[in-house]
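Me: I have a structure to read and would like to learn how to go about it. Could you take me through the main features?

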Amino acid sequence: MSVQIDPLDRKILIALQQDASRSLEDIAREVGSSKTPVWSRIRKMREAGIIGQQTVLLDAEALGLEACFFVLIRTSEHEAEWQNTFLKTLRERPEVMEAHRLAGDIDYILKVRVANARAYDEFYQALISEVRIYNVTALLSMEEIKSTPLLPLDSVR
């Protein structure tokens, strides 16, 4: 379901994406409004589900999680029971940063963040012990060129 946002909402969302820890007063000043209407709009956008969980972005490499693998998964299993087990396993694994079901030859792609190749192998062994998988291909990211949590709000109506 798409929710309509106006130019002021868009400015507020851009400001929040850049730094949600700023004071309401700072955000209101940046978007050219006063605190009360900005707070009201933020509350309404939370209620509408536009604004979700607020969190802090951590530096994975600074914390020793230096290896990022993209894991391509093909399966010959498509039954509901297998899928439920697979999805439950993914949700319980903290190494899995993202998981997507795909159209095409590959069924799923995972973004997995771990300390090193040995830690990836431990993740892999745990995964295949939980659920049957036809084929797994792991691709090590040599360099992260761009990563952003910011949505392109200029194209949102």
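**Reading the chain and its sheet**

Reply: Of the 157 residues in the protein chain, 27% are buried, meaning under 20% relative accessible area with a 1.4 Å probe, protein chains only (exposed is over 50%, partly exposed in between). This is a predicted model, where local features need pLDDT of at least 70, side-chain atom pairs count only at pLDDT 80 or more, and totals for chains, interfaces and linings use all residues. Residues are numbered from 1 along each chain as its sequence is written, and side-chain values use heavy atoms, without hydrogens and water.

Me: How many helices and strands does the protein chain have?

Reply: Helices (H or I, at least four residues) and strands (E, at least two) are DSSP runs, numbered from the N terminus. Here there are 5 helices and 4 strands, in the order α-α-α-β-α-β-β-α-β. The radius of gyration, taken over C-alpha atoms, is 20 Å, well over the 15 Å of the globule rule (2.2 Å times the number of residues to the power 0.38), so the chain is more spread out than a compact globule.

Me: What is the order of the strands in the sheet?

Reply: Strands of a sheet pair through backbone hydrogen bonds, either parallel or antiparallel. Two strands count as paired if DSSP finds at least two bridges between them. This open sheet of 4 strands has the order 2-3-1-4, with antiparallel pairing. Strand 2 (96-101) and strand 4 (135-140) are at the edges with a single partner strand each, so one side of each has no neighbour in the sheet. Strand 1 (residues 67-74) and strand 4 share 6 bridges, and arginine 74 has asparagine 135 as its bridge partner in strand 4.
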